Amino acid sequence: SFSDSAEPKKLQLTLAILKPDVASRPHIVEDIHDIIQENGFFFVATKHLHLRRADAEEFYKEHHGKFFHNRLVNFMSSGHIWAHILAREDAIAHWRKIMGPTKVFRTIHSDPHTIRGRFGLTDTRNVCHGSDSPKNALKEIAFFFPEFNAEKWYREDEPYYHPENVSFCSESLAHIPVKSSDKKN
Ligand SMILES: Nc1ncnc2c1ncn2[C@@H]1O[C@H](COP(=O)(O)OP(=O)(O)OP(=O)(O)O)[C@@H](O)[C@H]1O
Ligand SMILES: O=c1ccn([C@@H]2O[C@H](COP(=O)(O)OP(=O)(O)O)[C@@H](O)[C@H]2O)c(=O)[nH]1
Ligand SMILES: [Mg+2]
């Protein structure tokens with residue numbers, strides 16, 4: 001049954017961001033949300049927000065001192081973004097694969113059918129972000145969704161995330177699992 005918590009955990013969580021270059025273009029956001037669903041990801045939670053400069057500094061502090069750091073932080077705090085907790089088997093690697101390589105000026109030639117290859121503007125304004133390791137995924141999820149308890153999610157929700165057992169709420173941009181206690185038999 002779906003609720004057997006002894007089942008091995010199948011889904012991995014990652015943090016995806018749609019950056020200000022695309023977040024300001026609703027039709028592209030819709031296309032990317034469709035691509036995410038077509039690739040078998042579940043939307044666990046979504047926020048539409050505007051980072052303050054200091055928050056963008058904090059989020060990208062691993063890049064402090066690099067030549068692109070200042071423009072990256074300015075860019076990331078220049079407008080609204082979408083933050084998504086996504087779940088899928090191998091979510092971290094798969095999301096980065098469909099995003100495509102970082103540098104858009106190369107990616108438009110090498111991987112034109114990836115998300116960055118299709119929609120990217122420049123090496124900075126490159127559409128999207130994806131966590132690069134399980135440890136960073138949890139850190140980044142906590143940054144944007146401090147109220148989200150990953151341990152509790154794995155315990156109470158992950159077993160219910162099956163394609164035939166979730167409904168997509170387009171208002172909140174989240175897949176809502178149907179738990180057996182909610183089902184009217
Ligand atoms: N050479 C560069 N020139 C301009 N901007 C860059 C360059 N390298 C990276 N950036 C910007 O900094 C971000 C973070 O760089 P990083 O090396 O972590 O790439 P990434 O992991 O592919 O991207 P992200 O962390 O946003 O998912 C990039 O997504 C891009 O916006
Ligand atoms: O000191 C520098 C500054 C820029 N670039 C490159 O210059 C290009 C344009 O920068 P970017 O894509 O960040 O443009 P922006 O979005 O800032 O207009 C990119 O290929 C960067 O990697 C570089 O190699 N060294
Ligand atoms: Mg990165």
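Predicted model: local features only at pLDDT ≥ 70, side-chain atom pairs only at ≥ 80, totals over all residues.

Trainee: Okay, which side chain has an N or O atom 2.5 Å from an oxygen atom of ligand 2, Asp123 or Arg71?
Mentor: For Arg71, the side-chain N or O atom is 2.7 Å from an oxygen atom of ligand 2. A polar side-chain atom of Thr122 sits 2.5 Å from a ligand 2 oxygen.

Trainee: How much of ligand 2 does the protein bury?
Mentor: Start from ligand 2 taken alone, which exposes 530 Å². Of that area, the protein buries 54%.

Trainee: And how many charged residues are in the shell around ligand 2?
Mentor: The surrounding residues are Phe67, Arg71, Phe105, Thr122, Asp123, Thr124 and Arg125. Asp and Arg count as charged. Sorted by class, the shell has two nonpolar residues and two polar ones, and the number of charged residues is three.

Trainee: Let's switch to ligand 1. Which residue has a side-chain N or O atom 2.8 Å from one of its oxygen atoms?
Mentor: Ligand 1 has 16 residues around it, and Tyr60, His63, Thr102, Asn126 and His129 come nearest. The side chain of Lys19 places an N or O atom 2.9 Å from an oxygen atom of ligand 1. Asp123 has a backbone N or O atom 3.5 Å from a ligand 1 nitrogen. The side chain at 2.8 Å from a ligand 1 oxygen is that of His129.

Trainee: What share of ligand 1 gets buried by the protein?
Mentor: Taken alone, ligand 1 exposes 570 Å². The share of that area buried by the protein is 89%.

Trainee: Moving to the protein itself, which residues have the most contacts inside the largest nonpolar core?
Mentor: That core has 26 residues. Elements giving two or more residues to it include β1 (12-18), β3 (80-88) and α8 (134-144). Leu13 touches, among others, Val44, Ile85, Ile141 and Trp153. The residues with the most contacts inside the core are Leu13 and Phe144.

Trainee: How many residues are in the second, separate core?
Mentor: Ala23, Ile35, Phe43 and Leu173 are included in that core. Its residue count is 22.

Trainee: Which residue with a positive phi follows α5?
Mentor: Helix α5 spans residues 91-99, and its buried residues include Ala91, Trp95 and Met99. Cover for the buried residues of α5 comes from elements including β1, β3 and α8. The residue after α5 has a phi near 90°, and it is Gly100.

Trainee: Why does Thr107 count as buried?
Mentor: Thr107 is in helix α6 (residues 104-110). Among the residues it touches are Pro101, Thr114 and Arg116. Buried means under 20% relative accessible area. Thr107 counts as buried because its relative accessibility is 1%.

Methods
Residues numbered from 1 in each chain as written. Chains lettered and ligands numbered in written order. Heavy atoms only, no water. Near = heavy atom within 4 Å. Polar contact = N/O pair within 3.5 Å; in protein donor to acceptor, adjacent residues only side chain to side chain. Areas by Shrake-Rupley, 256 points an atom, 1.4 Å probe, with all protein chains shown as cover. Core = buried A, V, L, I, M, F, W, Y, C linked by side-chain atoms within 4.5 Å. Buried < 20%, exposed > 50% of the residue type's maximum accessible area, 1.4 Å probe, protein only. Helix = DSSP H or I, 4+ residues; strand = E, 2+ residues; numbered from the N terminus. Contact = heavy atoms within 4.5 Å. Lists of a residue's contacts leave out its neighbours within four places in sequence.
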